[in-house]
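Biologist: I have the sequence and the fold on screen. Please take me through them, one question at a time.

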Amino acid sequence: MKLAVASFLIGSAAAFAPSQVARTSTNLAVNELDLGVTEPLGVYDPLGWLETEPESFERRRAVERKHGRIAMAAVVGIIIHNNKIVFDGYISPSNDLKFSDIPTGIDGIFTVPTAGLAQILLFFGLVELAWLPASKYDGDYGVGWFGEDIKDPEEKARKLNVELNNGRAAMLGVIGNMVGEKLTGQTMYEQYAAGHISPLVMDKVYSKHSIEAAADTHWNIDQKF
């Protein structure tokens with residue numbers, strides 16, 4: 001999770017596609033520089049990297065695509081875990097810790113034993129180096145779209161645009177979910193169940209605590225006078 005969080009923050013800073021610079025060719029049969037240009041923003045490059053560092057565009061696009069994919073998987077995981085769908089059995093038999101004992105939400109990471117976190121990082125390290133190498137910037141690992149190799153360049157471009165935009169939305173969504181949990185003290189499921197979906201409105205979450213605090217303050221004032 002810590003690695004994923006860092007990835008989301010870095011991925012959200014990736015440059016979007018330009019139309020003015022030299023075109024980058026990949027084996028996707030689709031021009032990378034034509035992807036990700038979404039209205040009404042169009043070409044979004046507030047830091048001017050497309051002009052000052054055009055050679056870095058391919059790597060930054062790869063970072064954006066990869067972290068978008070991670071974030072989309074994370075959103076699915078958040079929804080599944082919030083609905084109490086977990087593995088059976090123990091995550092750590094030696095600690096008598098079941099998968100169902102891991103709290104829902106971002107704080108669940110602190111319940112996973114250190115050895116478990118090390119195994120997760122090792123697994124994704126192997127994925128990065130061997131199965132889905134980070135050096136393959138085009139992001140095409142030969143698995144196709146649900147196993148289907150899309151031949152039509154226009155259809156492939158449309159689906160790649162959908163992937164980029166959904167990945168961007170997922171990166172923002174995951175960050176928003178974590179911020180919302182910390183602000184409200186509730187998981188996503190708890191917020192929706194309570195009808196409390198705005199982290200800027202705290203009264204539904206803290207009304208009981210606020211009343212108790214106010215009562216204590218009033219009692220203290222009365223005691224003083």
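Biologist: Where is the place of isoleucine 80?
Modeller: Helices are DSSP runs of H or I with at least four residues, strands are runs of E with at least two, and both are numbered from the N terminus. Isoleucine 80 has its place in helix α3 (residues 57-82).

Biologist: What kind of model is this, and which pLDDT do local features need?
Modeller: Residues are numbered from 1 along each chain as its sequence is written, and side-chain values use heavy atoms, with hydrogens and water left out. The model is predicted: totals for chains, interfaces and linings use all residues, side-chain atom pairs count only at pLDDT 80 or more, and local features need pLDDT of at least 70.

Biologist: Which pattern does the chain follow along the sequence?
Modeller: The chain has seven helices and two strands. Read in order, they give α-α-α-β-β-α-α-α-α.

Biologist: How much of the chain do buried residues make up?
Modeller: Buried means under 20% relative accessible area, exposed means over 50%, and partly exposed lies in between (1.4 Å probe, protein chains only). Of the 225 residues in the chain, the buried share is 30%.

Biologist: Is isoleucine 80 buried, partly exposed or exposed?
Modeller: Its relative accessibility is 37%. That value lies between the 20% and 50% cut-offs. Isoleucine 80 therefore counts as partly exposed.

Biologist: What accessible area do Val76, Ile80 and Ile85 have together?
Modeller: These three form a nonpolar patch on the surface. A patch takes residues with over 30% relative accessible area and no salt bridge, joining nonpolar side chains (Val, Leu, Ile, Met, Phe, Trp, Tyr) within 5 Å and like charges within 9 Å. Areas come from the Shrake-Rupley method with a 1.4 Å probe, and for residues only the protein chains shown count as cover. Together the three have about 260 Å².

Biologist: What is the phi of lysine 84?
Modeller: Lysine 84 is in the loop between α3 and β1 (90-92). At 59% relative accessibility, this lysine counts as exposed. Most residues other than glycine have a negative phi. Lysine 84 is not a glycine, yet its phi is positive, at about 65°.

Biologist: And what is the phi of aspartate 96?
Modeller: Aspartate 96 has its place in the loop between β1 and β2 (97-98). With 53% relative accessibility, aspartate 96 counts as exposed. Its phi is again a positive value in a residue other than glycine, near 55°.

Biologist: How many salt bridges does the structure hold?
Modeller: A salt bridge needs a side-chain nitrogen of Lys or Arg within 4 Å of a carboxyl oxygen of Asp or Glu. The number of salt bridges held is eight.

Biologist: How far apart in sequence are the parts that arginine 168 and glutamate 64 tie together?
Modeller: Their side chains meet in a salt bridge (2.6 Å, N to O). Arginine 168 lies in helix α5 (residues 153-184) and glutamate 64 in helix α3, so the parts tied together are apart by 104 residues.

Biologist: Are arginine 168 and glutamate 64 buried or exposed, and which network links them with another residue?
Modeller: Both arginine 168 and glutamate 64 are buried. The network is one of salt bridges, and its members are Arg61, Glu64 and Arg168.

Biologist: How do α3 and α5 lie to each other?
Modeller: Axes are lines fitted to C-alpha atoms, for helices over the stretch in contact, and angles between N-to-C directions run from 0 to 180 degrees. α3 and α5 pack at about 55°, with their axes 7 Å apart. Under 35 degrees counts as roughly parallel, over 145 as roughly antiparallel, 65 to 115 as roughly perpendicular and the rest as oblique. The two helices are therefore oblique.

Biologist: Which residue meets aspartate 107 in a salt bridge?
Modeller: Aspartate 107 is in the loop between β2 and α4 (114-131), and its partner is in helix α5, 75 residues apart. Aspartate 107 is partly exposed, at 39% relative accessible area. The N to O distance is 2.8 Å, and the partner is lysine 182.
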